[in-house]
Amino acid sequence: MGFLSKLFGSETEKMAKDLLSGLAENSNQSGTQESDAPIEGIGCSYGPKKPAEENQYNFNGNYVKYFETIYGEEFPEYQIDHEDEERLRSSIFTFRRNGQIALVVELLSETSRRKKVRTDCAMNHIPYLRFYHNHHGWWNTRSYVINRTKDALK
């Protein structure tokens with residue numbers, strides 16, 4: 001008797017196995033498609049295929065310029081300061097409104113163990129966002145960046 005059947009009965013275990021089997025089949029079928037073919041739709045910021053929507057990988061510039069451009073175009077009501085920390089390989093965007101810090105956004109490598117900025121923000125009750133610029137399958141689509149940033153600024 002499997003774990004699920006002990007918890008929920010054998011019918012639930014069978015349904016779970018069928019579902020997992022179907023997911024595995026779909027995964028194998030989609031693996032035959034070209035991985036660079038764009039997927040349709042707005043807001044798809046995670047997945048094996050590059051979205052058709054603007055994202056940091058189809059932007060004409062590096063990822064820092066990508067975020068800088070979005071923030072400049074979409075959040076003109078904020079003064080946004082940008083600081084690169086070369087030694088720590090991070091970029092920090094600080095949003096200010098009426099002289100007060102409204103949000104800190106940090107761009108990091110997925111392998112970074114850096115916590116100082118996030119900890120400092122938490123201690124000072126400042127909203128904080130983190131985006132990884134090099135995590136496989138994370139595209140940071142324009143709508144995703146805008147929506148996460150707007151939510152953090154509320």
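**Grounds for the terms used**

Modeller: Buried residues make up 34% of the 154 residues in the protein chain; please bear in mind that this is a predicted model.

Colleague: What makes a residue count as buried in that 34%?

Modeller: A residue is called buried because its relative accessible area is under 20%. By that criterion, 34% of the chain qualifies.

Colleague: Which helices and strands does the protein chain contain, and in what pattern?

Modeller: There are five helices and four strands, arranged along the sequence as α-α-α-β-β-β-α-β-α.

Colleague: What makes the set that includes F67, Y71, F93, F95, V105 and F131 a nonpolar core?

Modeller: The set is called a nonpolar core because its members are buried residues of the listed types, Phe, Tyr and Val among them, joined through side-chain atoms within 4.5 Å. This largest core has 20 residues, and the six you name touch the most other members. At least two residues each come from α3 (63-74), β2 (90-97), β3 (100-108), β4 (128-132) and α5 (142-153). The greatest contribution, five residues, is that of α3.

Colleague: Which residues does Y71 touch, leaving aside those up to four places away in sequence?

Modeller: Y71 touches I80, F93, F95, V105, F131, V145 and T149. Each is called a contact because heavy atoms lie within 4.5 Å.

Colleague: Which residues does the second core include?

Modeller: That separate core has six residues, including V104, V117, C121 and Y128.

Colleague: What share of the contacts with a separation of 6 or more joins residues 24 or more positions apart?

Modeller: Such pairs account for 45% of those contacts.

Conventions:
Residues are numbered from 1 along each chain as its sequence is written. This is a predicted model: local features need pLDDT of at least 70, side-chain atom pairs count only at pLDDT 80 or more; totals for chains, interfaces and linings use all residues. Side-chain values use heavy atoms; hydrogens and water are left out. Buried means under 20% relative accessible area, exposed over 50%, partly exposed in between (1.4 Å probe, protein chains only).
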